[in-house]
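The following questions ask how terms are applied to a structure. Each answer sets a value against a definition.

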Amino acid sequence: MVSVYRWRLAPDGLATRRQLRAVGLRPGGQDVVAQLERPRRRRGPLVAYLYRLDLAKPVRPMTPARHAALAKANTARRLCPSCGRDAGYVIPAHLGVCNPCT
């Protein structure tokens, strides 16, 4: 059973994934220690999982192979499947083609 804290009332030493990433850390295989709940009016609360800062590990460095794979994937998102040109921006998924082709 994990502890549940209200919005902005979590104790020091705990952080969300985004907060860890902002300081160059990652959870590193540790289990969720607590959760943070932000109430909403007509829906269930927003939930964020909290991890211990002292058990967090540094973010793994980007290897040349991972960097190349990421660059290739981003290039593929910019190519229009209809005309084959580089659009100069990421083509929106709901359109599927560049602006001139729509």
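An open sheet of 4 strands has mixed pairing and the strand order 1-4-5-2. The model is predicted, so local features need pLDDT of at least 70 and side-chain atom pairs pLDDT 80 or more, while totals for chains, interfaces and linings use all residues. Residues are numbered from 1 along each chain as its sequence is written, and side-chain values use heavy atoms, leaving out hydrogens and water.

Q: Why do strand 1 and strand 2 stand at the edges of the sheet?
A: Strand 1 (3-6) and strand 2 (14-15) each have a single partner strand, so one side of each lacks a neighbour in the sheet. Strands are DSSP runs of E with at least two residues, numbered from the N terminus.

Q: How do you know that strand 2 pairs with strand 5?
A: Two strands pair if DSSP finds at least two bridges between them. Strand 2 and strand 5 (residues 46-52) are joined by 2 bridges and run antiparallel. Leu14 stands opposite Arg52 in strand 5.

Q: Why is the contact of Arg52 with Asp54 called a salt bridge?
A: A salt bridge requires a side-chain nitrogen of Lys or Arg within 4 Å of a carboxyl oxygen of Asp or Glu. The closest N and O atoms of Arg52 and Asp54 are 2.7 Å apart, so the pair qualifies.
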